[in-house]
Amino acid sequence: MDDHEDRILADELAALAAATGAWGGLTRFVAKLMRKNVQETDLVVALPFDDAVEHVASVLGRAGRTVGPVPESDEAHRMIRVVVGGGAAGLNPVVVTARVTKGGASDSQVRIRAAAKEGLIKQRAGERTAARLAALLAT
(Lines give C-alpha, C1' and ligand atoms only; values in the text may rest on other atoms or scores of the structure.)
Protein backbone atom coordinates (compact mmCIF):
# COMPACT_ATOMS: atom_id res chain seq x y z
CA MET A 1 0.00 0.00 0.00
CA ASP A 2 2.60 2.58 1.08
CA ASP A 3 6.00 2.69 2.77
CA HIS A 4 4.50 4.24 5.93
CA GLU A 5 3.13 0.80 6.78
CA ASP A 6 6.66 -0.64 7.11
CA ARG A 7 7.80 2.33 9.18
CA ILE A 8 4.83 2.04 11.54
CA LEU A 9 5.45 -1.69 12.02
CA ALA A 10 9.18 -1.15 12.67
CA ASP A 11 8.43 1.66 15.17
CA GLU A 12 5.82 -0.45 16.98
CA LEU A 13 8.21 -3.42 17.28
CA ALA A 14 11.01 -1.12 18.48
CA ALA A 15 8.73 0.37 21.15
CA LEU A 16 7.71 -3.11 22.29
CA ALA A 17 11.36 -4.16 22.52
CA ALA A 18 12.33 -1.00 24.43
CA ALA A 19 9.50 -1.62 26.91
CA THR A 20 11.01 -5.01 27.73
CA GLY A 21 14.52 -3.59 28.20
CA ALA A 22 15.91 -4.52 24.77
CA TRP A 23 17.53 -2.02 22.43
CA GLY A 24 14.78 -0.55 20.23
CA GLY A 25 17.14 0.73 17.53
CA LEU A 26 18.41 -2.73 16.66
CA THR A 27 14.86 -4.10 16.68
CA ARG A 28 13.75 -1.31 14.31
CA PHE A 29 16.61 -2.14 11.92
CA VAL A 30 15.86 -5.89 11.94
CA ALA A 31 12.12 -5.27 11.56
CA LYS A 32 12.75 -3.41 8.31
CA LEU A 33 14.41 -6.55 6.92
CA MET A 34 11.63 -8.94 7.95
CA ARG A 35 8.95 -10.12 5.54
CA LYS A 36 5.36 -9.02 5.94
CA ASN A 37 2.27 -11.16 6.19
CA VAL A 38 -0.43 -9.20 4.34
CA GLN A 39 -4.07 -9.97 3.74
CA GLU A 40 -6.60 -7.84 1.88
CA THR A 41 -10.29 -8.55 2.24
CA ASP A 42 -13.14 -6.89 0.34
CA LEU A 43 -16.67 -6.69 1.66
CA VAL A 44 -19.88 -4.77 1.09
CA VAL A 45 -21.47 -3.01 4.05
CA ALA A 46 -25.21 -2.37 3.79
CA LEU A 47 -24.91 1.25 4.93
CA PRO A 48 -24.76 4.57 3.07
CA PHE A 49 -21.26 6.00 2.68
CA ASP A 50 -21.18 8.36 5.68
CA ASP A 51 -22.72 5.75 8.00
CA ALA A 52 -20.30 3.12 6.69
CA VAL A 53 -17.33 5.41 7.44
CA GLU A 54 -18.59 5.91 11.00
CA HIS A 55 -19.19 2.16 11.43
CA VAL A 56 -15.72 1.22 10.16
CA ALA A 57 -14.05 3.91 12.29
CA SER A 58 -15.94 2.72 15.36
CA VAL A 59 -15.12 -0.97 14.88
CA LEU A 60 -11.46 -0.30 14.13
CA GLY A 61 -11.24 2.22 16.97
CA ARG A 62 -12.41 -0.44 19.45
CA ALA A 63 -9.95 -2.98 18.01
CA GLY A 64 -6.83 -0.81 18.15
CA ARG A 65 -5.47 2.71 18.20
CA THR A 66 -5.47 5.19 15.36
CA VAL A 67 -2.12 5.95 13.72
CA GLY A 68 -1.04 8.07 10.81
CA PRO A 69 -0.23 9.08 8.28
CA VAL A 70 -3.25 7.91 6.35
CA PRO A 71 -3.12 7.93 2.55
CA GLU A 72 -5.20 10.64 0.89
CA SER A 73 -9.00 10.51 1.04
CA ASP A 74 -11.49 12.25 -1.24
CA GLU A 75 -15.26 12.57 -1.63
CA ALA A 76 -15.70 8.98 -2.83
CA HIS A 77 -13.12 7.32 -0.52
CA ARG A 78 -12.14 7.46 3.15
CA MET A 79 -9.10 5.83 4.71
CA ILE A 80 -8.82 4.76 8.33
CA ARG A 81 -5.65 3.27 9.83
CA VAL A 82 -5.12 1.60 13.21
CA VAL A 83 -2.56 -0.62 14.93
CA VAL A 84 -4.04 -3.77 16.45
CA GLY A 85 -2.37 -6.45 18.55
CA GLY A 86 -2.21 -9.79 16.73
CA GLY A 87 -0.41 -13.10 16.91
CA ALA A 88 0.43 -14.89 20.14
CA ALA A 89 -0.99 -12.99 23.15
CA GLY A 90 -1.63 -9.96 20.91
CA LEU A 91 2.03 -8.93 21.03
CA ASN A 92 2.63 -8.69 17.28
CA PRO A 93 1.57 -5.25 15.99
CA VAL A 94 -0.65 -5.33 12.91
CA VAL A 95 -1.26 -2.23 10.79
CA VAL A 96 -4.84 -2.26 9.53
CA THR A 97 -5.88 0.13 6.77
CA ALA A 98 -9.54 0.31 5.79
CA ARG A 99 -10.65 2.02 2.60
CA VAL A 100 -14.35 2.83 2.44
CA THR A 101 -15.66 3.53 -1.07
CA LYS A 102 -19.04 4.93 -2.08
CA GLY A 103 -21.29 2.29 -3.56
CA GLY A 104 -24.97 2.63 -4.28
CA ALA A 105 -27.42 4.69 -2.25
CA SER A 106 -27.65 2.06 0.49
CA ASP A 107 -24.31 0.26 0.44
CA SER A 108 -20.56 0.88 0.52
CA GLN A 109 -17.48 -1.17 -0.31
CA VAL A 110 -14.80 -1.71 2.31
CA ARG A 111 -11.31 -3.04 1.69
CA ILE A 112 -9.43 -4.17 4.78
CA ARG A 113 -5.65 -4.50 4.53
CA ALA A 114 -3.85 -5.99 7.51
CA ALA A 115 -0.05 -6.25 7.56
CA ALA A 116 2.28 -7.67 10.21
CA LYS A 117 5.96 -8.57 10.29
CA GLU A 118 6.74 -12.30 10.34
CA GLY A 119 9.65 -13.77 12.26
CA LEU A 120 10.90 -17.35 12.29
CA ILE A 121 7.63 -18.61 13.74
CA LYS A 122 4.87 -17.87 11.25
CA GLN A 123 1.85 -16.50 13.13
CA ARG A 124 -0.03 -15.18 10.08
CA ALA A 125 -1.13 -12.22 12.17
CA GLY A 126 -2.04 -10.15 9.10
CA GLU A 127 -4.29 -12.87 7.68
CA ARG A 128 -6.00 -13.62 10.98
CA THR A 129 -6.52 -9.97 11.88
CA ALA A 130 -8.06 -9.16 8.49
CA ALA A 131 -10.48 -12.08 8.82
CA ARG A 132 -11.42 -11.14 12.40
CA LEU A 133 -12.06 -7.47 11.58
CA ALA A 134 -13.97 -8.30 8.39
CA ALA A 135 -16.27 -10.51 10.46
CA LEU A 136 -16.82 -7.69 12.96
CA LEU A 137 -17.57 -5.21 10.18
CA ALA A 138 -20.06 -7.55 8.49
CA THR A 139 -22.22 -7.80 11.62
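**A close look at one helix and its surroundings**

Modeller: Among the contacts in the chain that join residues at least 6 apart in sequence, 61% link residues at least 24 apart, a contact meaning heavy atoms within 4.5 Å. The model is predicted, so local features need pLDDT of at least 70 and side-chain atom pairs count only at pLDDT 80 or more, whereas totals for chains, interfaces and linings use all residues. Residues are numbered from 1 along each chain as its sequence is written, and side-chain values use heavy atoms, with hydrogens and water left out.

The chain contains 4 helices and 5 strands, which are DSSP runs numbered from the N terminus (H or I of at least four residues for helices, E of at least two for strands). Their order from the N terminus is α-α-β-α-β-β-β-β-α. A compact globule of 139 residues would have a radius of gyration near 14 Å, and the 15 Å of this chain agrees with that; the radius is taken over C-alpha atoms, and the globule rule is 2.2 Å times the number of residues to the power 0.38. Along the principal axes, the C-alpha trace spans about 50 × 25 × 20 Å.

The buried residues of α1 are Glu5, Ile8, Leu9, Ala10, Glu12, Leu13, Ala14 and Ala17. Buried means under 20% relative accessible area and exposed over 50%, with partly exposed in between (1.4 Å probe, protein chains only). The cover over these buried residues includes helix α2 (24-33) and the strands β1 (35-45), β2 (65-66), β3 (77-86), β4 (92-102) and β5 (108-118). Just after α1 comes glycine 21, with a positive phi of about 95 degrees.

One of the covering strands, β3, holds valine 84. Valine 84 counts as buried because its relative accessible area is 2%. Setting aside neighbours within four places in sequence, valine 84 is in contact with Ala63, Gly64, Asn92, Pro93, Val94, Val96, Thr129, Arg132 and Leu133. Histidine 55 is 29 residues from valine 84 in sequence, and their C-alpha atoms are 17 Å apart.

Valine 53 belongs to helix α3 (residues 49-63) and, with a relative accessible area of 17%, is buried. Not counting residues up to four places away, valine 53 touches Arg78, Ile80 and Val100. Leucine 137 is found in helix α4, and its 2% relative accessibility makes it buried. Beyond residues up to four places away, leucine 137 touches Leu43, His55, Val56, Val59, Val110 and Ile112. Between leucine 137 and leucine 60 there are 77 residues of separation in sequence, with 8.8 Å from C-alpha to C-alpha. By contrast, valine 53 and isoleucine 121 are 68 residues apart in sequence and 35 Å apart, C-alpha to C-alpha.

Two loop residues complete the view. Proline 48, in the loop between β1 and α3, counts as partly exposed at 34% relative accessibility. Excluding neighbours within four places, the contacts of proline 48 are Ala105, Ser106, Asp107 and Ser108. From proline 48 to isoleucine 121 the C-alpha distance is 41 Å, at a sequence separation of 73 residues. Arginine 124 lies in the loop between β5 and α4 (125-138). Although not a glycine, arginine 124 has a positive phi of about 55 degrees, and at 40% relative accessibility arginine 124 is partly exposed.

For the chain as a whole, buried residues make up 38% of the 139. The accessible surface comes to about 7500 Å², 56% of it belonging to carbon and sulfur atoms; these areas come from the Shrake-Rupley method with a 1.4 Å probe, and for residues only the protein chains shown count as cover. The mean positions of the 18 positive and 17 negative charges are 8 Å apart. Lys and Arg count as positive and Asp and Glu as negative, with His and the chain ends not counted, and each charge is placed at NZ of Lys, CZ of Arg, CG of Asp or CD of Glu.
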